[in-house]
Amino acid sequence: MLNAKEFTALDTWRFQKRMPSRAAAVRELLRRGLAAEGFLEAESGSRSADFGILDRRSTNPDD
């Protein structure tokens, strides 16, 4: 959910970039944000269970 100021900022950016919809603008901003953080695309065949903050290979809680 976005508040009124966030909608205004999104729509302003969207119109300046000539994006066709809010959804397209949100997807582009998300893509840019992930790229800025150094996110690498998942390899083909990756599952959502392959991603997380804990190493699933370790069964020892002290690791």
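Is Glu28 buried or exposed, and what is its relative accessible area? Glu28 is buried, with a relative accessible area of 18%, where buried means under 20% relative accessible area, exposed over 50% and partly exposed in between, with a 1.4 Å probe and protein chains only. The views below belong to a predicted model, in which local features need pLDDT of at least 70 and side-chain atom pairs count only at pLDDT 80 or more, whereas totals for chains, interfaces and linings use all residues. Residues are numbered from 1 along each chain as its sequence is written, and side-chain values use heavy atoms, with hydrogens and water left out.

**View 1. The protein chain and its secondary structure.** The secondary structure of the protein chain comes to 2 helices and 0 strands; helices (H or I, at least four residues) and strands (E, at least two) are DSSP runs, numbered from the N terminus. Helix H1 covers residues 4-16, and helix H2 covers residues 22-36. Of the 63 residues of the protein chain, 13% count as buried. The chain exposes about 6,100 Å², of which carbon and sulfur atoms supply 54%, the accessible areas coming from the Shrake-Rupley method with a 1.4 Å probe and, for residues, only the protein chains shown counting as cover.

**View 2. The largest nonpolar core.** This core has 5 residues, namely Leu10, Trp13, Met19, Ala24 and Ala25. A nonpolar core is here a set of buried Ala, Val, Leu, Ile, Met, Phe, Trp, Tyr and Cys residues joined through side-chain atoms within 4.5 Å. The elements that give two or more residues to the core are H1 and H2. Phe15, which has its place in helix H1, counts as exposed at 54% relative accessibility. Between the C-alpha atoms of Phe15 and Ala25 the distance in space is 9.2 Å, while the two residues are 10 residues apart in sequence.

View 3. Glu28 is found in helix H2, and its side chain meets that of Arg31 in a salt bridge (2.6 Å, N to O), the term standing for a side-chain nitrogen of Lys or Arg within 4 Å of a carboxyl oxygen of Asp or Glu. A salt bridge also joins the side chains of Glu28 and Arg32, at 2.8 Å from N to O. Arg31 and Glu28 both lie in helix H2, 3 residues apart, which is about one turn of the helix; Glu28 and Arg32, also both in helix H2, are 4 residues apart, again about one turn. Arg31 counts as partly exposed at 49% relative accessibility, and Arg32 counts as partly exposed at 40%. Not counting residues up to four places away in sequence, Glu28 touches Trp13 and Met19, contact meaning heavy atoms within 4.5 Å.

**View 4. The salt bridge between Asp11 and Arg22.** By the rule used here, the count comes to 3 salt bridges, and one of them is formed by Asp11 with Arg22, the closest N and O atoms being 2.7 Å apart. Asp11 lies in helix H1 and Arg22 in helix H2, so the pair ties together parts that are 11 residues apart in sequence. Asp11 is buried, with a relative accessible area of 14%, whereas Arg22 counts as partly exposed at 36% relative accessibility.

View 5. Arg14 lies in helix H1 and is buried yet has no salt bridge; the nearest side chain of opposite charge, Asp11, is 4.0 Å away, where Lys and Arg count as positive and Asp and Glu as negative, while His and the chain ends are not counted. The side chain of Arg14 reaches the backbone oxygen of Pro20 at 3.3 Å. Leaving aside neighbours within four places in sequence, Arg14 is in contact with Met19, Pro20, Ser21, Arg22 and Ala25. The C-alpha atoms of Glu28 and Arg14 are separated by 9.6 Å, the two residues being 14 residues apart along the chain.

**View 6. Arg18 in the loop.** Arg18 has its place in the loop between H1 and H2 and is exposed, with a relative accessible area of 75%. Phi of Arg18 is near 55 degrees, a positive value in a residue other than glycine. Most residues other than glycine have a negative phi.

How values were computed:
Polar contact = N/O pair within 3.5 Å; in protein donor to acceptor, adjacent residues only side chain to side chain.
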